[in-house]
Every structure is written in structure tokens, then in C-alpha cells.
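Reader: I would like to learn how terms get applied to a structure. Can we go through one together?

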Amino acid sequence: MEAAAAALPGLRGALRAVLAGLRGGEAPVGGQGGQGGGFERGRFWEALAAAVQAASRAATQLSLAASAQELERLSGEAQRAVLAAAAAYSGLPEDQGRTLRRAVRDAVVEVAEGLLRLAEALLRPTPPGLSREQLVSTGGVWEACERAAGLPRDNAAAVASALSAWLGIARDALREVEQALAEGGEPFQDDPEEEEVGSRGDRDVSWSEADRQLLGPCVGLVKAAKACLKKLLGAVNAWGKAETAEQVAQLDDVADAAGDISPSVDELVLSTYPPVNRLTLRLNAGKLAAVLKKMLEVTQASHVCAPSEEGWVQFLSGAVDHNMDKIKDLTQGVL
């Protein structure tokens with residue numbers, strides 16, 4: 001619509017500026033002070049919720065606006081809503097937890113990105129009425145706002161949420177390699193992209209018997225990774241607290257250590273596909289083993305490792321060593 005050309009570019013520019021600041025990791029305005037300082041948790045969540053609700057409402061009304069005056073007014077409302085959400089995030093002290101702050105920042109970024117996509121959709125020439133792109137963009141803002149409204153309320157819940165997501169990724173990776181093994185050792189046989197581009201060529205797409213012997217402990221290492229995340233999630237849910245600065249910091253350390261597991265699992269799984277480069281596989285297995293051992297050490301030193309949790313920590317540490325020793329034996333001479 002012609003009115004959009006006059007009202008929306010300012011909103012688009014403001015949203016881009018907000019996103020640049022959020023992605024750049026701007027320091028929190030409030031700094032420290034969450035543990036007994038000037039930070040008021042209830043007011044923070046009320047402010048963020050009000051900003052998110054305003055953003056959702058503005059998105060709905062923007063998509064239905066029929067005049068230049070409405071677009072100008074609603075663009076201003078959308079801009080103020082995102083600025084209010086960003087200000088709320090910037091006022092969340094670091095001592096409330098790095099993991100919680102990342103979750104809040106990511107949620108605000110997602111809302112701002114959704115409004116930016118909507119503004120860009122509204123700027124494109126379309127026939128009268130709502131276009132499919134405008135409808136999808138509006139729905140995207142609603143979904144982002146709903147997720148923001150459901151954010152974890154403290155660092156313990158934020159860490160549990162992150163662990164749950166990483167556990168899902170590890171499960172998918174394990175399922176992928178187990179399915180490939182069960183299908184007879186030709187993991188690329190049903191990949192249409194491989195067939196289309198003709199990249200298989202003379203490449204070996206099946207595992208040798210020696211490869212299969214090596215895959216056993218690799219799968220064992222991936223299973224250990226999944227078990228570590230599952231057990232840690234249970235421990236955080238059972239024992240995790242964010243009442244003191246020490247507890248918050250320990251939870252962040254646990255999350256930082258666990259956050260390296262899923263990428264390391266993916267790298268190892270990718271290196272198991274034929275043709276297997278045994279050096280790459282050995283290095284990726286060693287990296288995952290080191291990440292798991294570090295996570296277990298950090299967990300054992302934290303308050304989430306109650307006496308009842310110590311057994312699985314020791315058992316999984318032994319499982320990691322056992323599988324890594326097997327991999328080393330089967331790849332002697334590649335280093």
C-alpha cells in the first residue's frame with residue numbers, strides 16, 4: 001500500500017538498530033545487584049510481559065491498518081514496544097545468571113525479528129487485502145511473543161530449558177547414526193540430493209568391517225553424551241537453585257560445559273559416515289570425550305550433584321573412558 005512507504009521505513013530502521021545492539025551483547029544497564037540489590041524481579045517480568053503484549057497487539061493492528069495515519073501511529077507503538085522489551089532485558093543484572101540473560105535476549109531478538117519481517121512484508125507492493133506473507137509474518141510475531149511470555153523465571157529454570165533442548169539434539173543424532181547402521185551401512189542410499197547432483201560418483205558409501213568395529217564405541221560415546229544430558233537435566237530439576245550468587249554461577253558453569261556437548265556429538269556423528277577418515281573420527285571422538293569429562297567434573301563440583309547423584313557421574317565418567325580407550329585401540333597409528 002502507498003501509505004506503507006511513508007510510515008514503515010522508520011520502524012524498519014529502528015528495529016534494525018535494536019537488533020544490532022542486542023546481537024552485539026550490550027552490557028546490562030542495571031549491572032550487578034540482583035542478589036539483594038536494587039533489582040526487583042517482579043517488576044522486571046511485569047515490564048517485559050507488558051512490552052511483549054504490546055508488540056503482539058501492534059503486529060495484529062499493523063497488518064490490518066488501512067490508512068497512513070493508522071500506519072504511522074501503529075509503527076510508533078510497535079517501535080516503543082520493542083524498545084521497552086530491549087530496555088527490560090538491559091535492566092536484567094548479570095548476577096541473575098548468564099543463561100537466563102541469554103534466554104531473555106534471544107526472546108526479545110525473536111520478537112524484534114518478527115516485527116521486522118512484518119514491516120518488510122507490508123512495504124512490498126501487494127493487491128488489496130492481506131497477502132500470505134503478511135499473514136505468515138503476523139503469525140510469526142504472535143508465536144515469538146508467546147514464547148517470550150513463557151520464558152523461565154530464574155537461572156535454574158533457564159538452565160533446565162537449555163539442557164532439554166540440547167538433549168533433544170543429542171537424541172536425534174543418536175537416532176540418525178543407529179538408523180544408518182540398521183539400514184545396512186549405506187547411509188546415503190536414499191538421499192535425493194546426492195542422486196541429483198551426481199556427487200556420489202566413485203565414492204565409497206558403505207562401511208567396511210573395520211569401520212563397523214570402530215562405530216561401536218563411537219555410538220557408545222554418543223549414548224554416553226545423551227545419558228549425561230538426561231541425568232544432568234534430572235539433577236538440575238531436582239536440586240538446582242538460584243537463590244545465591246554462588247548457586248547462579250554454578251548453574252551457568254554447568255550450562256556452559258553442557259552447551260559444548262551437542263556440537264561435539266554432531267561432529268563425531270558426521271565423521272562416522274563413509275568414507276570414514278579415521279584421523280578425523282579419532283580427533284572428534286577425543287573432543288567429545290574431553291567435553292563430557294569436563295561437564296561431569298563441573299557437575300560434581302556444583303550444588304546440583306547431591307550425594308544421590310554421585311553414582312551416575314562416576315559411572316558415566318567410566319563409560320566415556322571405556323569407549324574412548326576402544327577408539328584409541330582401533331585407530332592406533334593414525335596420529
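Author: A search of the whole structure finds 3 aromatic pairs. This is a predicted model, where local features need pLDDT of at least 70, side-chain atom pairs count only at pLDDT 80 or more, and totals for chains, interfaces and linings use all residues. Residues are numbered from 1 along each chain as its sequence is written, and side-chain values use heavy atoms, with hydrogens and water left out.

Reader: Why is the pair of Phe39 and Phe44 called tilted?

Author: Rings of Phe, Tyr and Trp (its six-membered ring) pair if their centres lie within 6.5 Å; planes under 30 degrees apart are stacked, over 60 edge-to-face, and the rest tilted. The centres of Phe39 and Phe44 are 5.8 Å apart and their planes are at 50°, so this pair is tilted. Ring pairs also link Phe39, Phe44 and Trp45 into a cluster.

Reader: What makes Phe39 count as buried?

Author: Buried means under 20% relative accessible area, exposed over 50%, and partly exposed in between (1.4 Å probe, protein chains only). Phe39 has 16% relative accessibility, so it is buried. Phe44 has 6%, so Phe44 is buried too.

Reader: How do you know that the charged end of Arg153 sits over the ring of Trp45?

Author: The test asks for NZ of Lys or CZ of Arg within 6 Å of the ring centre and within 35 degrees of the ring normal. The charged end of Arg153 is 4.2 Å from the centre of the Trp45 ring.

Reader: What is the span of helix 12, and what is expected?

Author: Helices (H or I, at least four residues) are DSSP runs, numbered from the N terminus. Helix 12 covers residues 310-330 and reaches 31 Å from its first C-alpha to its last, close to the 30 Å expected. The expected span is 1.5 Å times one less than the number of residues.

Reader: Why are the buried residues of helix 12 said to be on the same side?

Author: Among the buried ones are Trp312, Leu316 and Val320.

Reader: What do the buried residues of helix 12 pack against?

Author: They pack against helix 8 (209-239) and helix 11 (278-300).

Terms used:
Helix = DSSP H or I, 4+ residues; strand = E, 2+ residues; numbered from the N terminus. Contact = heavy atoms within 4.5 Å.
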